[in-house]
Amino acid sequence: MAAYAAIVCLVQTLNPDQFPIDLRNPEIESLYRKLLTLRSTLEKITPITKNIRQQVNVLDGNIRDAVYKAQDEIESFIIKRTLSSESFLQEIIAVIEPLAAEAEKIASSIKKEMASSPAVVSLAKMLHPDNFPLDHLKSDVESLYERLCSLQTCLEKFCEAPASLIPVAVHALDFQIREAATKARNTIKSFVDSSESETESSTSAFLQILEEINADIDPLAEEAEKFAGSIKEGPQAQDLPPEYAETIKKDARTKKKRIVGQEEDFKSLKKEIEKLDGQREVLPIIGLPGSGKTTLARSLYEDSSITDEFEIHGWVTVTQEYQVGEIFAKLFHSLETKDQKAGEKDFQGRNDKLQDAVYQSLLKKKYLIVVDDMWDEGVWDRVKKSFPDDKNGSRIVLTTRSKTIAEYAKSSDFLHQMKPLSEEHSWELLGLTVFGEEPCPTHLKDLGWAISKNCRGLPLSLTVIGGLLSQENKTEEYWKSIEADTNDAAAKGDESYLEILYLSYNHLPGRLKGCFLYMGAFPEDSEIPITKLIQLWVAEGFLKPPPPLLRSVEQLADYYLEELIDRNLLHIRKYTSNNQTKACGMHDSLRDLSVKECGKELFFHSRRRYVQEPQEDTNIQRRVSVHRNILMCMEEVHNSVKEITSARTLLYAGAHHHHPIPYCLTFDLLRVLDAFTVYFIEFPNEILKLIHLRFLSFTYNGKLPSALSNLDKLQVLMVRRHPKIIFLGTSILPDEIWGLKHLRHLLFTESDLPKIPAVRNTLLFANLQTLTNVSAASCTQEVLQNMPNLTKLAMWTEEPATIGLYLNEVEKLESFKFTVLNPIPKKKVDFQPRLYFPRTLRKLRLSGCSLPWEDMSIIAKLPLLEVLKLREIAFEGDEWIPEKKEFRELKFLLLEYLDLKGWDADHTHYPKLQRLILRHCYELVDIPEKFDLLGCLELIELVDCSPDAVEAAEEMKKKLKKSGNTLLKIQTYSSWK
């Protein structure tokens with residue numbers, strides 16, 4: 001429902017706490033209240049089943065259009081201080097009222113109850129003191145009646161709670177309660193109907209029946225009460241308590257899905273890759289969208305028994321929106337050898353130079369390259385030229401939907417056609433997606449099997465529909481509706497997967513649809529940083545304010561993101577150091593759906609190329625995305641996009657454009673301007689008039705103007721200098737920056753903060769959560785006292801000196817980074833009044849501080865610390881001797897460019913360590929020999945460390961192989977080999 005996102009956004013604008021005082025009037029307040037009611041009503045319209053889908057879609061479009069019209073008028077009113085007509089607000093209210101009434105009617109028609117509820121209600125009704133016909137037995141059934149009332153309360157609580165909070169076992173229990181209640185009702189009714197008179201024997205018989213019924217129902221009711229008690233109060237998914245909110249921050253790597261049904265495909269490709277043949281082979285994999293081509297290629301590429309046989313390997317995804325230069329740049333960046341890790345080297349240059357750089361990197365080496373998602377024969381011809389044929393057994397795995405391209409590219413008779421999963425594998429994959437390792441409740445098995453069969457063996461369809469079922473209440477009624485929908489989809493043949501994807505989209509709650517549609521703004525195969533995506537969502541204003549128990553709206557957005565991942569509508573592309581989600585992406589078929597719906601819902605218009613087919617209603621789209629920044633250098637394209645006057649968002653989603661863009665594209669009502677990859681020579685003064693702006697990012701090398709304070713709604717400000725230039729003792733920010741009281745995230749290239757105002761009545765940056773790359777000299781005690789909600793802070797200093805460190809003023813801090821730009825050996829940073837870190841800290845990065853190892857005990861005692869990165873002589877000294885019972889939560893440890901020689905540790909230290917990275921530790925003579933006994937350890941990686949340390953790692957590797965330990969991976973990269 002785009003209507004839901006539109007309503008939430010307008011409600012935020014009309015909020016009495018934010019709406020200009022001098023513009024308030026009764027009509028504004030009336031509209032605000034009616035929109036709040038309408039928002040609540042739309043939240044009740046879920047799930048949107050087939051019988052109401054058409055009606056809801058029409059209603060949604062009508063509400064969306066009315067709210068868009070109101071938003072345009074009201075936000076223009078804030079700028080111009082006048083309405084287009086005095087009766088406008090009354091007219092909008094008159095339009096919205098009948099739409100709200102229709103929405104309420106639909107919401108009330110949606111029956112939400114557990115499968116057992118009708119049986120329990122029916123039995124309780126029969127036993128009600130006013131209804132039970134046998135007066136002499138009323139006192140005997142009273143206890144059972146009260147038990148049933150209590151049980152019905154539990155069932156109602158299950159219905160009100162988000163499906164994601166309800167344990168799988170509840171649905172099996174629901175089935176058992178229904179059976180027991182139905183049996184009890186039939187038994188009691190049969191007794192009542194046959195009982196003619198009050199006798200001692202009949203009473204005794206009834207009491208025996210009652211005892212048996214209680215024996216059946218009591219344990220079920222107790223179990224229901226136990227489950228109900230574990231579900232926290234809150235009728236909506238966003239009303240999450242902190243305890244539950246923490247569960248969504250669990251290790252994101254646990255979300256990795258097991259591959260099902262591709263064992264034979266894997267063996268076939270592996271055999272062909274490992275064939276003792278000197279020829280360079282191109283091995284095409286062909287299949288329908290969502291058939292598992294990329295998954296298969298990825299499983300081959302990540303199998304060390306395969307890649308170890310090659311001197312160099314790399315991966316590139318081509319996509320339909322390809323740019324040849326980007327293809328070669330991504331491929332070059334991905335190349336990895338036994339001596340050099342992927343991403344360690346970069347190249348900037350013309351396309352022909354990049355192509356030659358790839359060619360030279362592969363020349364005379366046995367290589368394995370995966371070219372994923374090839375669409376065009378001409379592109380293949382150009383890419384193929386970068387792959388030398390030295391007749392040394394090199395292999396190129398190519399995935400494509402097109403049989404024509406596969407036949408064109410193959411170098412032998414080998415061509416692998418992806419087959420649909422068998423019915424058994426389909427059900428296995430669906431069951432894993434819905435229930436994990438838990439068994440499917442008995443009463444849902446037949447329906448589940450039918451649903452999996454309707455997915456026609458396509459892994460994407462199975463995982464997406466499984467993601468839907470995993471998040472909704474697992475009732476027979478709901479699963480029957482999904483079975484009917486998927487059965488209709490299956491009748492569409494090869495296009496059935498599209499119907500399945502639409503089904504999953506249609507069943508999304510309104511609160512998630514705006515988040516899903518937003519993904520269509522990014523180019524195909526984009527790796528989207530989570531932090532920035534969440535900041536964009538928050539600035540857009542289509543997230544409902546979080547309940548008081550949640551710390552921030554960013555935490556709510558994070559929950560929504562995880563929910564989309566759990567529904568398999570997004571996938572994780574990168575992990576953070578502590579295994580949280582760092583970047584996400586979207587399958588190209590799901591992205592196609594998102595792009596199509598964006599156009600229909602007037603949600604986003606994407607400008608992808610110079611010549612582009614005109615899109616209906618382009619000029620009234622709400623948001624604009626530019627996929628190639630250079631397009632905005634073209635006057636014709638600029639003028640065309642400029643006509644979208646209703647746009648609230650402008651995203652420059654392309655790669656960084658090195659040359660300045662001559663035109664600054666803005667729209668009067670902009671809330672979001674993301675031009676981080678756009679370089680401005682002069683500051684565009686047009687930006688200073690955008691009073692609705694919440695998000696602003698760009699590249700600019702000058703000082704920001706004082707009029708930036710006009711943007712008093714600004715929440716995110718990101719400014720980059722390119723090339724990176726640091727001016728010591730000066731600030732790129734104006735003094736007036738302190739007036740932006742709504743700022744939540746402030747990020748810039750290394751700079752000072754301007755001097756804090758001497759006179760102030762309130763906390764200046766009370767809402768600030770992120771402050772990065774600020775000079776340590778700027779972070780005085782007084783400054784940090786004005787940032788009580790700071791959770792992320794990055795500070796720097798030019799060289800070692802006495803530094804005031806007042807982190808006791810920011811007791812909510814979770815991430816801290818301190819960097820000495822020009823470290824000096826043996827000269828330590830003297831932190832005053834003392835070295836102190838808040839107990840809330842989860843990530844700590846230190847560089848160039850030259851601290852003694854004795855100070856490590858201060859860090860080691862931090863109870864929540866998960867990530868520790870020590871770079872550039874952060875600590876100095878020959879030996880590190882950690883104490884026991886320290887670093888209890890540490891998951892990631894990086895030691896880089898340290899002079900450490902000895903490290904006296906074993907498997908009893910760092911009990912939760914998952915990854916250990918050692919880089920350029922030239923003096924280290926060994927690595928702790930018992931680290932292989934750490935149960936959680938997944939990776940030990942050495943990059944250009946001493947020969948002794950590398951030898952120790954290789955010995956540990958042999959020991960692991962001999963013992964059959966496949967959980968711990970040890971990698972060494974050494975340029976001196």
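Two strands pair if DSSP finds at least two bridges between them. The model described here is predicted. In this model, strand 12 (residues 649–652) and strand 13 run parallel and are joined by 3 bridges.

Strand 13 spans residues 672–680 and is mostly covered, with 8 of its 9 residues buried. Strands of a sheet pair through backbone hydrogen bonds, either parallel or antiparallel.

An open sheet of 6 strands has the order 3-2-4-5-1-6, and its pairing is mixed. Strand 3 (336–337) and strand 6 (416–417) stand at the edges; each has a single partner strand, so one side of each is left without a neighbour in the sheet.

Strand 1 (residues 281–286) and strand 5 (residues 395–400) run parallel, and 6 bridges join them. Within this pairing, valine 282 has isoleucine 396 in strand 5 as its bridge partner. In a regular strand the side chains alternate between the two faces of the sheet.

Another open sheet has 3 strands in the order 7-9-8, with antiparallel pairing. Its edge strands are strand 7 (528–529) and strand 8 (571–575), each of which pairs on one side only.

Strand 8 pairs with strand 9 (residues 581–585) in the antiparallel sense, over 4 bridges. Tyrosine 575 stands opposite threonine 581 of strand 9.

## Salt bridges

Side chains of opposite charge can pair when their charged atoms come close. The structure holds 39 salt bridges. One of them is formed by glutamate 272 and lysine 275, with the closest N and O atoms 2.7 Å apart.

Glutamate 540 and arginine 623 form another salt bridge, and their closest N and O atoms are 3.1 Å apart. This pair links distant parts of the chain: glutamate 540 is in helix 23 (residues 530–540), arginine 623 is in strand 11 (residues 623–626), and the two are 83 residues apart.

## A salt bridge between two loops

The side chains of lysine 912 and glutamate 889 also meet in a salt bridge, at 3.1 Å from N to O. This pair links distant parts of the chain, 23 residues apart. Lysine 912 is in the loop between strand 28 and strand 29, while glutamate 889 is in the loop between strand 26 (879–880) and strand 27 (892–896). Lysine 912 counts as partly exposed because its relative accessibility is 35%. Glutamate 889 also counts as partly exposed, at 24% relative accessibility.

Salt bridges can also share partners, as they do in one network that joins Asp72, Glu75, Arg622, Arg648 and Arg671.

## Charged patches on the surface

Which residues gather in a patch of negative charge on the surface? They are Asp878, Glu879, Asp904 and Glu923. Aspartate 904 lies in the loop between strand 28 (902–903) and strand 29 (915–919). The relative accessibility of aspartate 904 is 45%, so this residue counts as partly exposed.

A positive surface patch is formed by Lys338, Lys957, Lys961 and Lys969. Lysine 957 has its place in helix 29 (residues 947–963). With a relative accessibility of 37%, lysine 957 counts as partly exposed.

Key:
Residues numbered from 1 in each chain as written. Predicted model: local features only at pLDDT ≥ 70, side-chain atom pairs only at ≥ 80, totals over all residues. Heavy atoms only, no water. Buried < 20%, exposed > 50% of the residue type's maximum accessible area, 1.4 Å probe, protein only. Patch = residues over 30% accessible without salt bridge, like charges linked within 9 Å, V, L, I, M, F, W, Y side chains within 5 Å. Areas by Shrake-Rupley, 256 points an atom, 1.4 Å probe, with all protein chains shown as cover. Salt bridge = Lys/Arg side-chain N within 4 Å of Asp/Glu carboxyl O. Lys, Arg positive; Asp, Glu negative; His and termini not counted. Charge placed at Lys NZ, Arg CZ, Asp CG, Glu CD.
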